[in-house]
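Subject: Handover of a structure and the findings on it

Dear colleague,

Please find below the structure that I am handing over to you. My notes on it follow directly after.

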Amino acid sequence: SNWARYCDLLNRKQWDDTVIQSIEKSTRRAMNFLFNPLSESVESKYGLIVGHVQSGKTANYTGLIARAADSGYNVIIVLAGLHNNLRKQTQIRLERELMGIDKGGLHVNRPEGPEWYPITTQEDDFQVMTNSGFLSGNNPVIAVVKKNVSPLTKLYEMLYGFSEEKRCKLNLLMIDDESDHATINTKNNPDLNPDFSEYD
């Protein structure tokens, strides 16, 4: 599983057992608050996890992504701040520690079973996927996107350009890595698209 691979990676990086156990506990607890992707009902859940600076937030949400993918989440979007350097830094780390893509340094074994399907790269913050290519297999899709109008609009248009049948198969986990900075205003506003008026 992605989770087992991630724990193995932390062990090979010689992380202290108590730290790994803390990540195991916190990610399992967070998973309990997410919706069940195997359920046929449509459900939205929102949450906030707060951590100190340099407290291992990225390590924790990487573990959460691994668990989520194992549980049936097939689309993972990470919002990585406003700037290219932060987005690229997060992209590189998730490629190395989650997807098993080795760009030098620590050797990471590629995962067994379905490989990740990234729609962002270290250089590009968005790559359009066709309706036929998106979720064509069991490969979980992942994107590391800036909180910038252009890539977010492209992502929105791509997802809503898919057929309703395809969208019904999406189990989406979105993580805002910089939720204290430039977070989207979701306050109820009657001037917004009516589809969003029910949300607070």
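Is R93 buried, partly exposed or exposed? R93 is partly exposed, with a relative accessible area of 25%; here buried stands for under 20% relative accessible area, exposed for over 50%, and partly exposed for what lies in between (1.4 Å probe, protein chains only).

Before the details, a word on the source. This is a predicted model, in which local features need pLDDT of at least 70 and side-chain atom pairs count only at pLDDT 80 or more, while totals for chains, interfaces and linings use all residues. Residues are numbered from 1 along each chain as its sequence is written, and side-chain values use heavy atoms, with hydrogens and water left out.

Overall architecture

The protein has 6 helices and 4 strands, which are DSSP runs numbered from the N terminus (helices H or I, at least four residues; strands E, at least two). Along the sequence they follow the pattern α-α-α-β-α-β-β-α-α-β. The protein has 200 residues, of which 36% count as buried. Its exposed surface comes to about 12,400 Å², with 49% supplied by carbon and sulfur atoms; the areas come from the Shrake-Rupley method with a 1.4 Å probe, and for residues only the protein chains shown count as cover. Among contacts (heavy atoms within 4.5 Å) with a separation of 6 or more, 75% are between residues 24 or more positions apart.

Helix α3

Helix α3 covers residues 57-71, 15 residues in total. From first C-alpha to last it reaches 21 Å, close to the 21 Å expected at 1.5 Å a residue, where the expected span is 1.5 Å times one less than the number of residues. The helix is mostly covered, with 11 of its 15 residues buried; among them are Y61, L64, I65 and R67. The cover over these buried residues includes α1, α2, α4 and the strands β1 (75-79) and β4 (172-176). After α3 comes G72, which has a positive phi, near 120°.

Salt bridges

Side chains of opposite charge can pair when their charged atoms come close. Across the whole structure, a search finds 8 salt bridges, each being a side-chain nitrogen of Lys or Arg within 4 Å of a carboxyl oxygen of Asp or Glu.

In helix α1 (residues 2-12), D8 and R12 are 4 residues apart and so separated by about one helical turn. Their closest N and O atoms are 3.0 Å apart in a salt bridge. D8 is partly exposed at a relative accessible area of 38%, and R12 is partly exposed at 37%.

Helix α2 (residues 17-31) holds E24 and R28, also 4 residues apart, about one turn of the helix. This salt bridge has its closest N and O atoms 2.9 Å apart. The relative accessible area is 26% for E24, which is partly exposed, and 41% for R28, likewise partly exposed.

The residue of the opening question belongs to the third pair. R93 and E97 lie in helix α4 (residues 84-99), 4 residues apart, about one turn of the helix. Their side chains meet in a salt bridge at 3.4 Å, N to O. E97 is buried, with a relative accessible area of 2%, whereas R93 is partly exposed. Salt bridges that share partners join K13, R93, R96 and E97 into one network.

With kind regards
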